[in-house]
Amino acid sequence: QVQLVESGGGLVQAGGSLRLSCEASGRTLSTYATGWFRQAPGKEREFVAAIRWSEDITYYADSVKSRFTILRDRNKNTVFLQMNSLKPDDTAVYYCAAAAPKLGFIYGRSNEYAYWGQGTQVTVSS
């Protein structure tokens with residue numbers, strides 16, 4: 001079992017930055033895939049970014065490329081989402097997720113991930 005706890009959300013003005021953290025316990029993430037998803041009110045949960053820890057390969061949604069960066073700290077068993085140049089459209093609850101990737105694993109598909117955090121609210125004001 002993997003337990004995930006997100007932190008770092010808050011209220012920020014458009015153009016600002018936030019850094020989300022997702023600390024894992026119960027198992028090391030060294031061979032896992034970890035993803036960030038978000039869900040705005042009235043909308044479906046959508047993929048934001050993911051990282052495959054073993055090869056340090058990253059994936060991003062087109063909407064956040066060049067603005068967001070997913071990072072990991074092996075020593076702290078933690079994954080981060082550095083969000084820059086935030087826009088009001090980035091307002092959502094952000095969720096961390098983890099999975100043991102298998103052949104054909106689709107990083108942007110939420111139902112591929114077995115473990116989820118409780119979410120952290122990010123609000124970007126205009």
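**Glutamate 112 and its surroundings**

A polar atom of the side chain of glutamate 112 lies 3.3 Å from the backbone nitrogen of isoleucine 106, in what is a predicted model. Glutamate 112 has its place in the loop that runs between strand E9, residues 92-99, and strand E10, residues 115-116. The relative accessible area of glutamate 112 is 16%, and because buried means under 20%, this residue counts as buried. When residues up to four places away in sequence are left aside, the residues that glutamate 112 touches are Ala99, Lys102, Gly104, Phe105 and Ile106.

The protein holds 11 strands and 0 helices, so that, read along the sequence, its pattern is β-β-β-β-β-β-β-β-β-β-β. Its radius of gyration is 14 Å, close to the 14 Å that the globule rule gives for 126 residues, and the protein is therefore as compact as a globular protein of that length. Along the principal axes, the C-alpha trace of the protein spans about 40 × 30 × 25 Å.

Among the contacts that link residues at least 6 apart in sequence, 58% join residues at least 24 apart, while 45% of the 126 residues of the protein count as buried.

The protein exposes about 6,400 Å², of which carbon and sulfur atoms supply 47%.

Definitions and conventions: Residues numbered from 1 in each chain as written. Predicted model: local features only at pLDDT ≥ 70, side-chain atom pairs only at ≥ 80, totals over all residues. Heavy atoms only, no water. Helix = DSSP H or I, 4+ residues; strand = E, 2+ residues; numbered from the N terminus. Buried < 20%, exposed > 50% of the residue type's maximum accessible area, 1.4 Å probe, protein only. Polar contact = N/O pair within 3.5 Å; in protein donor to acceptor, adjacent residues only side chain to side chain. Contact = heavy atoms within 4.5 Å. Rg over C-alpha atoms; globule rule 2.2 N^0.38 Å. Areas by Shrake-Rupley, 256 points an atom, 1.4 Å probe, with all protein chains shown as cover.
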